[in-house]
Amino acid sequence: MVMRLWQPLGLLALIAVAAILFSLAVGSAQLSAVQLWAVVQGQGDALARTMVIELRLPRALSAFAVGGLLAVAGALMQVLLRNPLADPYVLGLSGGASMGALAAMLAGMGGVLISGSAFLGALFSTFLVFGLAHGSGGWTPSRLLLTGVVVAAGWGAVITLMLALSPAERLPGMLYWLMGDLSYARTPWPPLLLLIATCVLLIPLGRSLNVLARGPLQAAALGVDVRPLEWGIYIAASLLTAAAVTTAGSIGFVGLVVPHMLRLLLGNDQRLILPACALAGGTLLVLADTLARTMIAPEQLPVGVITALLGVPTFLFLLYRSR
Amino acid sequence: MFTLANKCMQFGGALGAALLWLGSGIATPLHADNPSRCAVDDLGREVCLHASANRIATLSPGATELTYAAGAGDQVVAVVSYSDYPPEAKDVASVGSHTRIDLEALVGLAPDLVIGWVTGNPAEQMDTLEALGMPVFYIEPRSVEAVADTIERLARLAGTEPVGKQAANEFREGMAALTARYSERDPVATFYQVWDEPLMSVNDDHLIGQVVQLCGGENVFGDQHRLVPRLDDEAVLAANPDAIIAGGMGEENRDWLTHWEQYPNLAAVDADNLYFVPPSLIQRPTPRLLEGAQILCEKLEHTRQKRRGS
């Protein structure tokens, strides 16, 4: 049993480490293997060190953390809503975050304030959806899903309005934020620590999540306290998404496709899927971001484009092969 | 909306800590111990260099043009896309676009001075540059005098004061001569078209709006609240300008003007006062603005002559 869990995770971890090393080795500036080795040993010229340690490393770690957070949040949402189409953004979170970020940009605020405003927007949207779905009467996954989708549509309208009213010179920055872009990421530590903490906290919950995935009645019959577990998942997934969106804007697709891909390959055991999502989501985004910043360098592409271009064919292939 | 945001803030004190954490360093001005060259940038920060800048990176097409005008063209080692003037600038290494800079390529060129664009460059990337210890000088000239003044400040940092001073003064004098000649003449109701879809103009605070005024034009959308208001045909028909001046896609394209010919009742169409001014001469805050202003003033003068003739 333990072997069965650790083998795929070990393999995914190896691939993740390889992806990060790859992203440290390539960039628009050509560094030779000798230079890279010198940097690894803590030597090398100052320029190469700056490139690898101060530009590539934080960006690769941010990409890994954001990809992992989005994939885990997606997996949790799919368990919670028991709907294969659920993804971290479906409940209006990215809409709320985008609204917060764009409002900060419109108000002429910079850097940290944009991140803070995006985070507040995401939390506000979370509580809004939660409060409305809770409302009077029961709290069902379909009601939560519908509330979230409608709130998301509302945010979409607000965002379009803001874009239409914003001064022309601010538009590019806003559009790039909406497309998702890791060049805006600052320190990688908050999302990375959150990802690690989440994975550790979810380990003891794996069994309950497995039961919940089969339906709340079965879960209740098997002695799982369904309501607090569902609330916990919702709040956790929201927090993870908010942290990811705040770091790198709204990057679509990772949260939807990575969990499904892994389920097709590994089966639907949450004890395995959740940490696997963290590793595979992170790896996908690290690779996508590396391509985004090198493909047509010095021009930079939005990473969301690459995640979709890489992920869509892979996912369709897996889906076609299964059954 | 921000009240709601504030309410959310009360949901946990931990959030405050999280927000603090999310931020990295806050930009601080560079203060050298024994500075030899200092200038105040358009963020109001004093930027000082130990010696004149030898390797300059310009992060907007306008900054490139101004730096060349300041006589520091030979010191420019990095530009961004669309830096197409002067032609020599096309041969300089590009480090991406002004909205998304390839930081690696930029750092690899080891500039000793980066000329940033206040509202055009992404703040996050500029913060990273400053955290790496690169002196950044932000510019954004919004008036005729600011263009001249920016050239002088760039020349001070680059150690090319004589050339910069001369270029700045030529620009100042040229614009002053245009002002003296045209600004008091009969006002011409003018519509300046920046873009066609969506239809956009400028207000009086915009540099182009200022040029229209100094040519004795009266910008029909001058009192709009936004710097670059978005409009529809109806607004232009209601304003009924005597002259329509448009840029266009590319330097020769008059297509935007033919659009207006479907409204023969417009005063500007009736008197055939539809004029093209090459956008690169008037839409960038650089010394070439003098040439653009010259053309624009002549077009408005042409309009006045037709009016007198009829």
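## How the two chains meet

Two residues are in contact if their C-beta atoms, placed from the backbone, lie within 7 Å. With that in hand, let's look at this predicted model. By this criterion, 37 residues of chain B are in contact with 36 residues of chain A.

Which elements of chain B each supply at least two residues of the side that touches chain A? They are the helices α1 (2-9), α2 (13-22), α4 (103-108) and α5 (123-131), along with the strand β5 (96-97). With 5 residues, α4(B) gives the most to this side of chain B.

## The make-up of chain A

Now for the partner. Chain A has 14 helices and 0 strands. If you follow the elements of chain A from the N terminus on, you read α-α-α-α-α-α-α-α-α-α-α-α-α-α.

## Size and packing of chain A

A compact globule with 323 residues would have a radius of gyration near 20 Å, and chain A, at 20 Å, agrees with that.

Turning to the interior, buried residues make up 50% of the 323 residues in chain A. The contacts of chain A also tell you how its sequence comes together: among those between residues at least 6 apart in sequence, 76% join residues at least 24 apart.

Methods: Residues are numbered from 1 along each chain as its sequence is written. Chains are lettered from A and ligands numbered from 1 in the order in which they are written. This is a predicted model: local features need pLDDT of at least 70, side-chain atom pairs count only at pLDDT 80 or more; totals for chains, interfaces and linings use all residues. Helices (H or I, at least four residues) and strands (E, at least two) are DSSP runs, numbered from the N terminus. The radius of gyration is taken over C-alpha atoms; the globule rule is 2.2 Å times the number of residues to the power 0.38. A residue is buried if 20 or more other C-beta atoms lie within 10 Å of its own, exposed if 12 or fewer, and partly exposed in between; C-beta atoms are placed from the backbone.
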